[in-house]
Amino acid sequence: MRVHFSWVLALLLAGCQITQPENQTTPETNGDSSSQSDSVTESSAVQAEHDTAAIHKPKVATPQEQSDLWKRIGMQLKIGIPNNRSVAYYRTWYLKHPKHLEIVAQRAKPFLYLITQKIEDRGLPLELALLPIVESAFDAFAYSHGSAAGLWQFVPSTGKMYGLEQNFWYDGRRDVDAATDAALDYLSVLGKRFDGDWYQAIAAYNSGGGTISRAIRKNERLNKPTDFFSLDLPKETTGYVPKLLALADIVAHQKKYGIDLPEIPNEPVLQLVDPDEQLDLAIAAKYAGMSVKELQSYNPAYNQWATAPNGPHQLLIPVGKVTTFDKNLAENQGDGMKLIRYKVQSGDTLSVIAAKHKTTTKVIETANSLSSNVIRVGQYLMIPTSVKDPKAYALTASNRLKRLQSLARGQYKIDHVVQSGESLWTIARQNNVSYRSLAKWNGMSPLDTLRLGQKLVIWKTSSDGAIIRTVFYHVRSGDSLSTIAQRFKVKTNDIIQWNDLANEKYLQPGQKLKLYVDVTKVSV
């Protein structure tokens, strides 16, 4: 037992020697504690230096922390910019036209944050935030004469496929929030279809997935490369992707190319609100404390002077005005529309009632869920009417169309009422104008069908040497269309078209007629 105890004691003493602190004085150090102290001091100084460097090391701001939204986008581009001649061509074009980029930046300012946030939330390439520049130059009211509309330029069929309603009151293709969701849904589908090849997916957004797939299969049969730049595609699509890539390169490398895009603050501008009731846009603007025109500029989907009766009712409102809007909406619940309860009288028609209340038959039909224009005496109709003069709603579809037509370049204008069996092509041929121009003057696609009674504007070029003046003539007793036409050297049918007289049998003394007269042929 004693031997065992001695052995254990020896082990314990040895263990104490092995585990003693390193700075303890030992025979090996000859009791020189100063060298140990210097070593500790040096170590502490190095550590302090590292700590100080860590404190003063500048923090790299994340994309989301950038003050400029363009930088937030530019830091997250990932599709890649190829060294390609067509990309270089469009990059040069944009750099030579900085004014275009300034205009685009101004238009993008209200919407770009919203679009960027939605793209980030989905984990999609940030290059897609620049797609509205290529599509519409960020014009929320853009309408191509191929019938595409809005920032993302949806054609009617694709818009409906992705849930964008289109009716008399509302066109979801121009609803920036809804159309952005639809566009990103569509692009996500295309991204998967083309196995993450975003050049091909973006090209497909322009010309359709079928077009790109056929081009790929063709190259495969010919043993050719199937990358985007090797495909045989429509001319527009061939330039479409390089335009986007050129823009992305400029956004990401502004200093390199010596250009400064107008800064867009990296913060939300607009907030989506849903009043859950139909609102006159003038009343909605009053609730928010802003002008009708500004409200319409953020909400271009509404064709008329109010939101749609059965929805959507959603509006994009500046973030700083949302609280005021919500407060006023709550205090005036149900008072956002001016409604008149009208009892149908003998001789009334929808068109007569509409004219009496300065509205349209379509408004009355939709407000009362009428399936036809048949009404009966004694029937009550709810007539929604705008609280302000129609001119106050400057950006409604009708006012935009009037502005477009007033800007057409021609010597004189004909107002044509569509008759049974007519088409854009037949009317254009009859008036010796291009059917594409005719469609453009009337805010239509060349493929659109016409409605019986629809009014069209036709701009006519006068004959050589003619000087056309607009004359307003007051009908005198004994006048007829033929005598007036003869007096002013114009055609009877032209007078009828200029003044929408197709359904009027007789002229009335004092009635005012608009005539386009060649003053070289007649004195006026």
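Good morning. I shall begin with helix 10, residues 198-207: 8 of its 10 residues are buried, so this helix is largely enclosed by the rest of the structure. Buried here means under 20% relative accessible area, with a 1.4 Å probe and protein chains only. Helices are DSSP runs of H or I with at least four residues, numbered from the N terminus.

This is a predicted model, in which local features need pLDDT of at least 70 and side-chain atom pairs count only at pLDDT 80 or more, while totals for chains, interfaces and linings use all residues. Residues are numbered from 1 along each chain as its sequence is written, and side-chain values use heavy atoms, leaving out hydrogens and water.

Which residues of helix 10 are buried? They are Trp198, Tyr199, Gln200, Ala201, Ile202, Ala203, Ala204 and Tyr205. These buried residues pack against helix 7 (131-136), helix 9 (176-193), helix 11 (209-221) and helix 12 (235-252).

Now to the two ends. At the start of helix 10, a side-chain oxygen of Asp197 comes to within 3.2 Å of the backbone nitrogen of Tyr199. Just after the helix, Gly208 adopts a positive phi of about 100 degrees.

Finally, the partner helix 9. Helix 9 and helix 10 pack at an angle of about 130 degrees, with their axes 9 Å apart. On the helix 9 side, the contact (heavy atoms within 4.5 Å) is made by Ala183, Tyr186, Leu187, Leu190 and Gly191, and on the helix 10 side by Trp198, Ala201, Ala204 and Tyr205.

Terms used. Buried means under 20% relative accessible area, exposed over 50%, partly exposed in between (1.4 Å probe, protein chains only). Helices (H or I, at least four residues) and strands (E, at least two) are DSSP runs, numbered from the N terminus. A polar contact is a pair of N or O atoms within 3.5 Å; within protein, one must be able to donate a hydrogen and the other to accept it, and residues adjacent in sequence count only if both atoms are side-chain atoms. Axes are lines fitted to C-alpha atoms, for helices over the stretch in contact, and angles run from 0 to 180 degrees between N-to-C directions.
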